[in-house]
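Here's a quick tour of one protein model.

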Amino acid sequence: MDRRRFLTTAAAVTAISSLPRSTWAQDLLDIKPKRVGLIGCGWYGKCDLMRLIQVAPVEVVSICDVDSQMLSGAAELVASRQKSGKQPQQYGDYRKMLAEKDLDICLIGTPDHWHALAMIEACKAGADVYCQKPISRDIVEGQAMLAAARKYDRVVQVGTQRRSTAHLIEARDKVIREGLLGTIGHAEICCYYGMGRNRTAENCPPPEYLDYEMWTGPAPKLPFNPVMHPRSWRMFQEFGNGIMGDMCIHMLDTVRWMLDLGWPTSVNSRGGTYVYTDATGNVPDTQVATFDFGNLDVVWTHRTYGDAPDRDYPWAVFLYGDKGTLKASVNKYEFFPKGKKEATLSGAPQTEWDKYPEDQHEKDLEQHVAAANRAHQRDFLKAIEQRTRPVADIEQGHISTASCILANMSLQLGRSLTWDAAAGKVKGDDEANKLLAREYRGFWVHPTAENV
C-alpha cells in the first residue's frame with residue numbers, strides 16, 4: 001500500500017471506530033472513500049460513472065479509452081463533477097492503468113468484445129468491478145469472468161439495473177409476490193426500436209484520434225466503418241451480440257429476477273435480415289427466441305421496423321397468469337386483472353431532479369433510468385462493504401448473457417440447443433460447443449475458467 005492510500009485508509013478507520021455501533025453500517029459508505037477507474041469512456045461508461053459520483057464520496061483517479069477525444073472529454077466531465085475538481089490520469093491502454101493496482105473500483109463500459117479481458121485483469125489487480133451487460137461476447141468468456149470473480153474474491157455488479165428499478169421492484173412485490181397473477185404460464189419480452197439497424201456508410205480510414213488496432217483487440221480486424229464507432233458497433237456480430245445482447249438481456253434478466261428463474265433448459269431462435277438488407281451491419285433485424293424454463297416459456301421478439309403491437313410498451317415484459325396480466329417496462333408497469341380493461345395497479349419512475357438537478361443537463365442521459373442506475377450503484381457499494389453478492393452478481397449476468405448468446409447460436413445453426421448448466425455445454429452437439437469460444441486475433445489469449 002502506498003503512503004497516500006495508507007493515510008486515507010487510516011483516517012477512514014479512525015472515523016468509523018468513533019461512530020456509535022448502531023450507526024456504523026449505515027454511515028460506512030459516507031466515511032470510507034473509494035478510488036475509482038473507468039475503462040471505456042463512451043456513452044454508458046460516463047453515465048455509470050456520473051451516477052456513482054452522485055451516491056458515494058469517490059475519487060476518480062484514472063480513466064482509459066482508445067479514442068483520445070472521448071478520453072479528454074470524459075476527463076473534463078469528471079473534473080467538473082467530482083468533489084476534488086481534479087482530472088483523472090488518462091490512459092490509452094487498460095493494462096497500463098490496471099498495472100498501477102491503485103483502484104478500489106473499476107467500471108467497464110467498453111464494447112462487448114473487450115469486457116472479458118478488462119474485467120479479469122481488474123479482478124487480478126484487486127479492484128471490485130461494475131461491468132456493463134452483456135458481460136461477454138461468447139459463453140466461455142463469461143465462464144472465465146465468473147471464475148475470476150470468485151478466485152480473486154471480487155464483488156462484481158453487472159449493469160442490468162432493472163433489478164434496482166423502483167417501480168419494477170414494486171411490480172414484483174405487489175403483483176407477483178402477492179399472487180395477483182395466479183399461476184404464470186407464459187412470458188413475452190420484446191423490443192421494437194430501430195436501434196440504428198438501417199444505418200449505411202462506406203469503409204474509410206479510421207480517424208486519427210482513434211487507436212483502431214487497440215479498439216479491435218481480440219476481435220477480427222474489419223475495414224473501419226463509421227457505423228462501428230461510436231455506439232453502433234453492436235450492429236456487427238464481430239464486436240457484440242446484436243440486439244439480443246443489447247436489449248433482450250435486460251428483459252430476459254428482468255423475468256428471471258422477478259420469477260426467480262435460473263438457466264433455461266433449451267433455447268430456440270429463428271430470424272434474419274428481412275428489411276434492411278443494404279445496411280452496413282450484419283446482425284438480424286428480425287429475431288424470435290424461445291427460452292424454455294421447464295414449466296414456463298419466455299418468448300423474445302425484436303423487429304427494427306414497423307410499429308410495436310402495444311405502442312405503450314415497445315421494449316417490455318408481459319407476464320400472463322390465470323388471474324391477470326402484468327405489463328412492465330423502464331417507463332411504467334400496469335396490472336390488469338383477468339377480464340378488466342383498466343389497470344388496478346400501476347407505477348412509474350421518478351426523475352429525482354430535486355436531489356440531482358445536474359441530471360437535467362447531462363448529455364444523452366436517459367432521465368427515466370438515472371434513479372435506477374443510482375440505486376444499482378448503491379447496491380454495488382453495499383456489497384463491497386459487506387463482501388456479499390450484489391443484486392446483479394456476475395453469476396446472474398453470466399446466465400442472462402449466455403442465454404442470449406445461445407439464442408444467437410441457435411439462429412446460426414438452425415436448430416434448438418439443449419443446455420447442460422452443470423457442464424457448461426450444449427448437450428449432444430459438438431458443432432454448437434465449438435461456438436462457445438470464438439477465436440481470438442493475433443497475440444490475444446482467450447480466457448477460460450482454468451487459466452484466469
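Pro 206 sits in the loop between β7 (184-191) and α9 (212-216); helices (H or I, at least four residues) and strands (E, at least two) are DSSP runs, numbered from the N terminus. This is a predicted model, where local features need pLDDT of at least 70, side-chain atom pairs count only at pLDDT 80 or more, and totals for chains, interfaces and linings use all residues. Residues are numbered from 1 along each chain as its sequence is written, and side-chain values use heavy atoms, with hydrogens and water left out.

**Pro 206**
- Pro 206 is partly exposed, at 35% relative accessible area (buried is under 20%, exposed over 50%, partly exposed in between, with a 1.4 Å probe and protein chains only).
- Leaving aside neighbours within four places in sequence, Pro 206 contacts Tyr 212 and Phe 224 (contact means heavy atoms within 4.5 Å).

**Glu 141**
- You'll find Glu 141 in helix α7 (residues 139-151), and it's buried, with a relative accessible area of 0%.
- Beyond residues up to four places away in sequence, Glu 141 touches several others, including His 113, Tyr 440 and His 446.

**Helices α6 and α7**
- Helix α6 (residues 115-124) packs against α7 at about 10°, with axes 9 Å apart (axes are lines fitted to C-alpha atoms, for helices over the stretch in contact, and angles run from 0 to 180 degrees between N-to-C directions).
- So α6 is roughly parallel to α7 (angles under 35 degrees count as roughly parallel).
- Among the residues making this contact are Met 119 of α6 and Glu 141 of α7.

Note on methods
Parallel < 35°, antiparallel > 145°, perpendicular 65-115°, else oblique.
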